[in-house]
2 protein chains.
Amino acid sequence: MNDPDLARFSVNQMTVKQLSLPELVDACARLGVGAVGLWREPVRAYGVEAAARLVRDAGLTVSTLCRGGFLTATDPVERAGALADNHAAIDEAAALGTGTLVLVCGGLPAGSRDLRGARERVAGALDRLGPYAAERGVRLAVEPLHPMFAADRCVVSTLGQALDLAERFPAGQVGVAVDTYHLWWDDRAPGQIARAGAAGRIHTFQLADWTTPLPAGVLNGRGQLGDGAIDLREWKGYVEAAGYTGFIEVELFNEELWARDGREVLAETAQRFVQHVVR
Amino acid sequence: MNDPDLARFSVNQMTVKQLSLPELVDACARLGVGAVGLWREPVRAYGVEAAARLVRDAGLTVSTLCRGGFLTATDPVERAGALADNHAAIDEAAALGTGTLVLVCGGLPAGSRDLRGARERVAGALDRLGPYAAERGVRLAVEPLHPMFAADRCVVSTLGQALDLAERFPAGQVGVAVDTYHLWWDDRAPGQIARAGAAGRIHTFQLADWTTPLPAGVLNGRGQLGDGAIDLREWKGYVEAAGYTGFIEVELFNEELWARDGREVLAETAQRFVQHVVR
C-alpha cells in the first residue's frame with residue numbers, strides 16, 4: 001500500500017474518467033495511490049462537499065483542481081460570467097482542500113485575430129481572481145497549452161508567456177502548470193522551468209507522452225507514459241533541479257484508454273510511472 | 001494580365017495539386033500570376049528539364065522548390081541516402097532557375113526521444129549541403145514547422161531555432177522560410193523575423209491561415225487566406241519591415257480545396273490574397 005515509488009504519483013481524474021468518483025477513490029486505495037487531480041464537472045455532479053468528504057475520509061490528497069480559465073471573452077456579459085465561474089472554481093478548490101487551481105486561459109473569441117489582446121484580457125482577469133484565490137489558500141496555475149491549441153483553447157502557448165503573465169502577480173496568487181505534453185518541443189522550456197522554480201511558481205507538474213498521428217481535433221491524443229517521443233525523466237529532472245518537490249500528476253486524454261477498464265488503466269499508468277519516470 | 005495587386009503573389013503548386021503542371025502554367029497565365037512554388041515529385045514526374053522549359057517559356061518565375069530535408073536519420077545508410085537526395089534537389093532547383101530550396105528538416109527517428117541530437121544532425125547535414133547549393137546559385141531555406149510536427153516531420157519548431165541553425169553558415173548558403181501557418185502563435189517570432197531580415201536570411205515568405213478543428217494527422221488542415229485566426233497583413237508587415245521584398249507564396253494543404261476545380265481554387269486564392277494581404 002505504501003509503495004515508495006508512488007509517493008509522488010498523482011492520477012488526474014480525466015486519465016480514468018470512466019471511473020466514478022467512489023470507484024476512483026477505491027482504486028487508488030487498492031493500488032496505494034495517495035493523490036488525485038480532480039475535475040470540476042464530475043465533482044459538482046457528485047456534490048462538492050460530498051466529494052471533499054469522500055477523498056478526505058480515504059486519506060487522499062487532492063493535488064489540483066482542473067480547471068478554471070476561459071478568460072478571453074470581449075463581450076461584457078460573457079466576461080462577467082467567466083469571472084463568476086472562476087470565483088466558484090476557487091471556492092470548490094478550497095472546499096476540496098487543494099492549494100492549486102489549474103487555469104486553461106481560453107482561445108480567441110469568434111472572428112478575432114488579436115492574440116495579444118486576448119492575452120491582455122487574461123492578465124486583467126488574473127488581477128481580479130488572484131487575491132480572491134490567495135485569501136482562500138488557493139494558487140492559480142496558468143497552464144501553457146501546446147501551440148496547436150492557441151486559436152480555440154488557450155492563447156498562452158509557452159512557459160515563457162505563462163511566466164510573463166504570472167510574474168505580474170505575487171507567487172502566492174499566480175504560478176504556472178508545467179505539463180510535458182505541451183512543452184516538450186520547446187528548447188527554451190528548461191530555462192523557463194528554472195525561472196519558474198526560482199520564483200516559487202511551479203504550482204503543478206503534469207505528465208503525458210506525445211504520440212502520433214494526432215486524432216481529429218487533436219484534443220484526445222495524449223499518449224500513455226513511455227509510448228511516445230518525450231524523455232519524461234529528463235523533464236522530471238528539470239523541475240526537480242528547479243526545486244519542485246510536489247506531486248507528479250499524470251493527465252491523459254485518450255479515447256483508447258477511456259474505452260478500457262478504468263482500474264486496469266490506473267494500474268498500468270502507475271506501473272508506467274515507475275518504469276519511465278521514477279527508476 | 002499585369003494586375004499590380006498580384007505582382008508579389010506566388011502560388012505554391014500544392015495549393016492546387018489537382019492541376020497538372022501544364023494546367024497550372026496555363027491557369028497562371030490567364031490570371032496574371034507571375035510566380036509559382038514547385039514541388040519535386042510532380043516536377044520529376046513531368047521531367048525536370050521539360051518543367052524548366054515549360055515555366056521559362058511561359059515567363060513564370062519559380063519562387064521556391066519544395067522540398068529537401070529529412071536530415072535527422074541516425075542510420076549511416078539512410079543518412080547517406082538523404083544527403084544524396086538533397087544534392088539532387090539542389091540540382092533540380094538550379095535547373096528550374098529558382099534561388100531557394102525549402103528544407104523540412106525531418107522528425108525523430110523511430111523510437112528516439114533525442115530532439116537535441118536530431119537538431120545537431122540537421123546542422124551537420126547543412127554543413128555538407130550549404131556549399132554545394134551556393135556553388136549552384138541556390139540558397140537553403142530551413143523551414144520551422146509548427147510544434148505539432150516536432151516528433152514526426154520537423155524537429156525545428158520555431159524561427160529562433162531555425163536561425164540558430166542557419167547562422168552557423170553564410171547567409172548565401174542557409175537562411176529560413178517564414179510561414180505564417182507555423183509561426184503565428186509565437187510572440188517571439190516578430191523579433192526573430194527582424195533578426196532574420198537583418199542578416200539577409202529570409203529566403204521565402206509563405207502564407208496559410210489557421211483554421212480549426214484540425215483534421216486527423218493535422219497535415220492537411222491549412223486554411224484558405226481569410227478563413228482563420230491569423231492576421232496576415234500584420235505578418236506581411238513584419239517581413240517587409242525586416243527588408244523582405246520577394247514573392248509571397250500561398251501554400252495550402254487542404255483536402256476540401258483539393259476536391260474542387262483547381263482553376264477556381266487558384267482564382268479564389270489570388271482574390272483572397274488581394275483582399276486579406278495586399279489591400
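This is a predicted model: local features need pLDDT of at least 70, side-chain atom pairs count only at pLDDT 80 or more; totals for chains, interfaces and linings use all residues.
In helix 3 of chain B, the residues Val48(B), Glu49(B), Ala51(B) and Ala52(B) meet Glu92(B), Ala95(B) and Leu96(B) of helix 4 of chain B. By class, this contact between helix 3 and helix 4 of chain B has five nonpolar residues, two charged residues and no polar ones.

**Helix packing in chain B**

- Helix 3 (residues 48–57) and helix 4 (residues 76–96) of chain B pack with their axes 9 Å apart and at an angle of about 30°; because angles under 35 degrees count as roughly parallel, helix 3 of chain B is described as roughly parallel to helix 4 of chain B.
- The crossing of helix 3 of chain B and helix 4 of chain B is right-handed, whereas that of helix 6 of chain B and helix 8 of chain B is left-handed.
- For helix 6 (residues 159–166) and helix 8 (residues 189–198) of chain B, the packing angle is about 25° and the axes lie 9 Å apart, which makes helix 6 of chain B roughly parallel to helix 8 of chain B.
- Helix 6 of chain B contributes Leu159(B), Gly160(B) and Leu163(B) to this contact, while helix 8 of chain B contributes Ala189(B), Gln192(B), Ile193(B), Arg195(B) and Ala196(B).
- The residues of the contact between helix 6 and helix 8 of chain B divide into five nonpolar, two polar and one charged.

**Fold of chain A**

- Chain A has eleven helices and ten strands, and its radius of gyration of 18 Å is close to the 19 Å that the globule rule gives for 279 residues, so chain A is as compact as a globular protein of that length.
- Taken along the principal axes, the C-alpha atoms of chain A fill a box of roughly 50 × 40 × 40 Å, and buried residues account for 54% of the 279 residues in chain A.
- Of the contacts in chain A between residues at least 6 apart in sequence, 80% join residues that are at least 24 apart.
- Helix 6 (residues 159–166) of chain A is mostly covered, with six of its eight residues buried, namely Leu159(A), Gln161(A), Ala162(A), Leu163(A), Leu165(A) and Ala166(A).
- These buried residues of helix 6 of chain A pack against several elements of chain A, among them helix 5 (115–135), strand 6 (174–179) and helix 8 (189–198).

**Contact of chain B with chain A**

- The contact takes 23 residues from chain B and 23 residues from chain A, and on the side of chain B that touches chain A the residues divide into 14 nonpolar, five polar and four charged.

- Most residues other than glycine have a negative phi, and most peptide bonds are trans.
- In chain A, a cis peptide bond with omega of about -5° joins Thr212(A) and Pro213(A), and Pro213(A) is placed in the loop between strand 8 (209–210) and strand 9 (222–223) of chain A.
- In chain B, the peptide bond from Thr212(B) to Pro213(B) is cis, with omega near 0°, and Pro213(B) lies in the loop between strand 8 (209–210) and strand 9 (222–223) of chain B.
- Val218(A), in the loop between strand 8 and strand 9 of chain A, has a positive phi of about 60° although it is not a glycine; Val218(A) is buried, with 24 other C-beta atoms within 10 Å.
- Val218(B), in the loop between strand 8 and strand 9 of chain B, has a positive phi near 60° and counts as buried, with 24 C-beta neighbours inside 10 Å.

Notes. Residues are numbered from 1 along each chain as its sequence is written. Chains are lettered from A and ligands numbered from 1 in the order in which they are written. Helices (H or I, at least four residues) and strands (E, at least two) are DSSP runs, numbered from the N terminus. The radius of gyration is taken over C-alpha atoms; the globule rule is 2.2 Å times the number of residues to the power 0.38. A residue is buried if 20 or more other C-beta atoms lie within 10 Å of its own, exposed if 12 or fewer, and partly exposed in between; C-beta atoms are placed from the backbone. Two residues are in contact if their C-beta atoms, placed from the backbone, lie within 7 Å. Axes are lines fitted to C-alpha atoms, for helices over the stretch in contact, and angles run from 0 to 180 degrees between N-to-C directions. Angles under 35 degrees count as roughly parallel, over 145 as roughly antiparallel, 65 to 115 as roughly perpendicular and the rest as oblique. A crossing is left-handed if the near helix is turned anticlockwise from the far one by less than a right angle, and right-handed if clockwise. Ala, Val, Leu, Ile, Met, Phe, Trp, Tyr, Cys and Pro count as nonpolar, Asp, Glu, Lys and Arg as charged, and the others, Gly among them, as polar.
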